[in-house]
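This briefing covers a ligand site, a pocket, the domain layout and some backbone features. Please read it alongside the sequence and the 3D view.

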Amino acid sequence: MQTLNGTALAKKIKSVLAIEIEYLVNKYRRSPKLCIIMAGDDPANSSYVKSKKKSCNEIGILCDLNILPYATSQQELLTLIDSLNQNTEVDGILVQLPLPKHIDQNVVLQSIDYKKDVDGLHPMNTGLLNSSTDALIPCTPKGILSLLKAEGVSITGKHCVIIGRSNLVGKPMAQLMLRENASVTVCHSKTRDLPYLTRQGEILIIAIGHPNLVNAEMLKEGAVVIDVGINSVEGKLVGDIYNSIDVNNIEKKAAAISPVPGGVGPMTIASLLENVVEIYKKRMCD
Ligand code: NAD
């Protein structure tokens with residue numbers, strides 16, 4: 001069984017980007033800049049935003065972290081986003097989700113200038129993804145597609161089954177796979193007879209957030225399996241399927257699988273960096 005190594009590919013993408021950024025900074029005399037906004041002090045979120053900042057800095061992207069108190073009002077957040085929208089030195093804006101419960105996530109995401117929307121979650125980018133190739137693509141699906149392509153997985157004509165229909169992963173993933181000429185089935189918590197559908201997946205993408213829900217019995221022989229899940233089990237990071245209790249049977253049945261950690265996670269960060277550079281280049285050429 002082949003392991004789809006996201007760590008190695010992300011490292012390669014980052015070193016290519018670093019060279020490109022050095023060239024662009026010499027040419028335009030300004031570094032690309034990302035602003036990350038986080039409200040509250042959730043430890044998992046804090047560690048995600050710090051690792052995003054570290055990755056930016058490693059390759060020459062400036063990154064401002066705006067960590068706001070949990071009690072920040074929606075209006076305060078919108079005022080900050082408005083000032084970043086207007087700031088000509090800021091290329092990308094990322095609002096770390098989830099936001100505190102008293103803040104309407106949709107209102108906040110829609111307030112970001114869609115041209116600076118590195119996470120690709122603004123409705124304008126969602127619409128562009130559905131109708132053209134000119135969208136900013138959400139980082140996790142974009143990273144998964146890059147990983148599949150780099151590992152030589154052919155997509156055209158394949159049946160791709162996706163478990164999970166979130167705006168962040170499942171829905172944009174479905175659009176991307178359609179664009180790549182796959183036939184796509186999207187499953188979710190209300191899907192009847194999930195195993196019947198998953199057993200048809202030549203490419204199976206699992207983004208649920210529950211370990212051990214999918215087992216070897218539910219796989220098609222020779223399937224390429226992408227594990228998006230991040231779960232903490234007894235203090236250990238596990239995926240939705242990769243390190244599940246049925247791992248031995250899964251390894252016998254699947255042709256390839258993305259590990260957790262080391263699969264989709266690093267590719268998500270690499271795609272974020274690509275999106276910042278893509279926006280920067282568009283803005284400098286306008
Ligand atoms: P989400 O909670 O928004 O969506 C989960 C989806 O799973 C829903 O669409 C739901 O319908 C479906 N689901 C839940 N129970 C199910 C069941 N029993 N049968 C079938 N479907 C079921 O989560 P999300 O934001 O899409 O993230 C999913 C997982 O991926 C989480 O573990 C998250 O931490 C992880 N994630 C990882 C990365 C990364 O970079 N590695 C990025 C984003 C999300």
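In which loop does Pro98 lie? Pro98 is in the loop between strand 4 (92–95) and helix 4 (105–111); helices (H or I, at least four residues) and strands (E, at least two) are DSSP runs, numbered from the N terminus. This is a predicted model, in which local features need pLDDT of at least 70 and side-chain atom pairs count only at pLDDT 80 or more, while totals for chains, interfaces and linings use all residues. Residues are numbered from 1 along each chain as its sequence is written, and side-chain values use heavy atoms, with hydrogens and water left out.

**Ligand site**

- The ligand is surrounded by 20 residues, and the closest are Arg165, Ser166, Ser189, Ile230 and Thr268; a residue counts as near if one of its heavy atoms lies within 4 Å of the molecule.
- This shell consists of ten nonpolar residues, nine polar and one charged. In this classification Ala, Val, Leu, Ile, Met, Phe, Trp, Tyr, Cys and Pro are nonpolar, Asp, Glu, Lys and Arg are charged, and the others, Gly among them, are polar.
- Helix 10 (residues 264–285) supplies the largest share of the shell, three residues.
- In the side chain of Thr268, an N or O atom is 2.8 Å from an oxygen atom of the ligand; a polar contact is a pair of N or O atoms within 3.5 Å.
- Ile230 has a backbone N or O atom 3.0 Å from an oxygen atom of the ligand.
- A polar backbone atom of His188 is 3.5 Å from a nitrogen atom of the ligand.
- On its own the ligand has 860 Å² of accessible area, of which the protein covers 72%; accessible areas come from the Shrake-Rupley method with a 1.4 Å probe.

**Second largest pocket**

- The residues lining the second largest pocket are Asp113, Tyr114, Lys115, Lys116, Asn125, Leu128, Asp134, Leu136, Ile279, Lys282, Arg283 and Asp286. On a 1 Å grid over the protein atoms alone, where a 1.4 Å probe fits, a pocket is an open set of points with protein on both sides within 12 Å along at least five of seven lines, and lining residues have an atom within 4 Å of a point.
- Two or more lining residues come from each of helix 5 (123–131) and helix 10.
- Helix 10 gives the most to this lining, with three residues.
- The lining of the second largest pocket divides into four nonpolar residues, one polar and seven charged.

**Domains**

- The chain is divided into domain 1 (29–114) and domain 2 (139–265), with bounds from an automatic or database domain assignment.
- The C-alpha centres of domain 1 and domain 2 are 29 Å apart.

**Backbone features**

- The Leu97 to Pro98 peptide bond is cis, with omega near 0°.
- The peptide bond from Val260 to Pro261 is cis, with omega near 0°, and Pro261 is in the loop between strand 11 (256–257) and helix 10.
- Asn212 is not a glycine, yet has a positive phi of about 70°; Asn212 is in the loop between strand 7 (203–206) and strand 8 (224–227).

How values were computed
A polar contact is a pair of N or O atoms within 3.5 Å; within protein, one must be able to donate a hydrogen and the other to accept it, and residues adjacent in sequence count only if both atoms are side-chain atoms.
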